[in-house]
Amino acid sequence: MNLRAVGTAVLAGALLIGLLPDGAYADPDPSTPAPSTPAPSTPAPSTPAPSTPAPSTPARTTAAEPLAISLDQPATSWEDRPLTFTGKLNNGAVGWYITLWQALPSGWTLRGNTKSTTGGAYKLTYTSPNAIHTTFRVAIGPAFYGAPAISPAVIGTAQDRRIVIDTPAASYVTLGGVAATGHITPAEPGLEVVLQDPIGSGKWRWLTSVKIDAKGNFRLKIPDNFPHTRTVRVVSRGVPAAAVEVSATARYVIRAALNPKVYAVGATMIPKTYRAGCPVGPASLRLLVVNYWGFDGLVHHGEMIVRDAAVQKMITAWTATFNSHFPIRRMQRVDVFGGNDVTSMAADNTSVFNCRQVTGDPYSLSPHSYGYAIDINTVENPYLAANGVWYPSNGLSYRNRSVSRPGMLYSGSVATKALVGQGYFWGANWAKPDYQHFEPK
């Protein structure tokens with residue numbers, strides 16, 4: 001090649017480099033000086049001028065290697081967590097201005113900027129407030145269109161970070177262990193979530209909270225000691241405001257019901273009310289667990305030890321009593337009171353089985369020994385014993401039956417009519433009235 005041809009080639013290369021103005025890749029801040037670029041040199045007639053820039057100027061690509069910028073595929077993330085974008089300039093330039101762009105229906109939207117570092121490498125992050133699966137590119141300089149170089153496209157994915165409540169059943173029974181269950185994605189063990197219900201005017205009330213388990217699941221107990229319909233949601237707590245997640249709402253219907261459960265009885269369950277020689281042994285007894293309305297207007301669990309043959313009659317009578325909202329103070333096995341009838345009565349306890357003598361008559365075996373007889377609300381319905389003493393002593397004010405108060409039994413009470421309908425006799429009709437007592441005829 002002759003010297004004239006060499007000179008022409010060098011001049012063309014210099015003109016190509018001149019087509020990449022400094023403003024396209026430098027920091028657009030006017031206070032930051034743009035990287036200096038030496039003017040292309042004109043070769044002497046006989047000796048070509050060197051095309052290598054001065055050491056202080058970043059190396060530029062030649063016509064054989066166009067200026068380019070790469071973009072690595074970002075790892076999938078979650079909304080409210082950063083997507084990380086990395087890559088490098090093929091010319092290794094340091095301090096060049098790099099911008100990140102996201103493709104939206106409205107066009108390319110700027111999502112971040114940085115400067116290249118050693119070897120032309122760069123790192124950008126973008127945190128999406130929503131789940132996305134869209135195209136991203138990086139460009140040299142502050143503008144997308146007309147940039148000296150633009151990277152190939154990659155897909156950035158931020159998954160839906162959310163709290164999901166499992167679909168509730170159609171309805172639940174009071175004291176059935178009602179709970180809002182669900183999970184959080186991604187699993188964040190130890191994260192606290194709060195159960196809320198609305199109180200009007202867009203405000204929500206805190207009901208309870210729990211920590212997410214190792215698998216991302218939660219279980220939040222819903223108050224179920226009274227019938228109601230409750231709308232709830234679950235909200236994450238203890239995170240930045242931008243990262244708070246709120247679940248969709250769920251509707252729980254809780255209805256009041258007796259919900260009877262029957263269990264076998266072992267001797268260890270009745271250590272104070274049963275002993276060898278009693279007319280009925282544990283094998284012929286059952287533990288009957290039912291719901292009842294308390295004097296506080298809420299539903300409570302109660303338990304009675306009942307003869308096996310009397311279980312269905314008790315369930316029938318107590319279903320009617322429960323449905324009438326008749327209040328019961330307490331319903332526990334007499335063993336809780338050491339098998340002592342007087343102590344049990346003073347506690348206003350409703351009970352059935354207790355193998356003992358008749359209170360106030362040590363020569364007679366109580367019908368409670370057979371697991372059929374039942375005493376109800378013993379304070380509100382006192383008992384006149386054969387010895388002329390009223391039991392319990394804290395129920396004396398209820399001897400006057402002309403003043404009706406909650407928990408008192410009358411012939412027209414639903415509980416009375418229900419038990420009589422099952423073949424029971426009411427002790428109020430004895431010469432020495434026993435307002436609390438019912439036994440089979």
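The accessible surface of the chain comes to about 21,500 Å², and carbon and sulfur atoms account for 56% of that area; accessible areas come from the Shrake-Rupley method with a 1.4 Å probe, and for residues only the protein chains shown count as cover. This is a predicted model, in which local features need pLDDT of at least 70 and side-chain atom pairs count only at pLDDT 80 or more, while totals for chains, interfaces and linings use all residues. Residues are numbered from 1 along each chain as its sequence is written, and side-chain values use heavy atoms, with hydrogens and water left out.

**Overall fold**

- The chain contains four helices and 25 strands, where helices (H or I, at least four residues) and strands (E, at least two) are DSSP runs numbered from the N terminus.
- Of the 441 residues in the chain, 42% are buried; buried means under 20% relative accessible area, exposed over 50%, and partly exposed in between (1.4 Å probe, protein chains only).
- Among contacts (heavy atoms within 4.5 Å) between residues at least 6 apart in sequence, 60% join residues at least 24 apart.

**Nonpolar cores**

- The largest nonpolar core has 32 residues, and those with the most contacts inside it are Met 304, Val 306, Met 314, Trp 318, Ile 374, Ile 376 and Phe 438; such a core is a set of buried Ala, Val, Leu, Ile, Met, Phe, Trp, Tyr and Cys residues joined through side-chain atoms within 4.5 Å.
- At least two residues of this core come from each of strand 17 (285–293), strand 18 (299–307), helix 2 (311–323), helix 4 and strand 24 (424–426).
- Helix 2 gives the most to this core, with six residues.
- A second, separate core of 20 residues includes Ile 69, Ala 93, Trp 96 and Ala 149.
- Not counting residues up to four places away in sequence, Ile 374 touches several residues, among them Met 304, Met 314, Trp 318, Leu 419 and Phe 438.

**Disulfide**

- The count comes to one disulfide, defined as a pair of cysteine sulfur atoms within 2.5 Å.
- Cys 278 is joined to Cys 355, with an S to S distance of 2.1 Å, and both residues are buried.
- The torsion about the S-S bond of Cys 278 and Cys 355 is about -105°, so the disulfide is left-handed.
- Cys 278 lies in the loop between strand 16 (261–264) and strand 17, and Cys 355 in the loop between helix 3 (341–346) and strand 19 (357–358), so the pair ties together parts that are 77 residues apart in sequence.

**Val 420**

- Val 420 lies in helix 4 (residues 414–421) and counts as partly exposed because its relative accessibility is 36%.
- The C-alpha atoms of Val 420 and Pro 440 are separated by 8.7 Å, the two residues being 20 residues apart along the chain.
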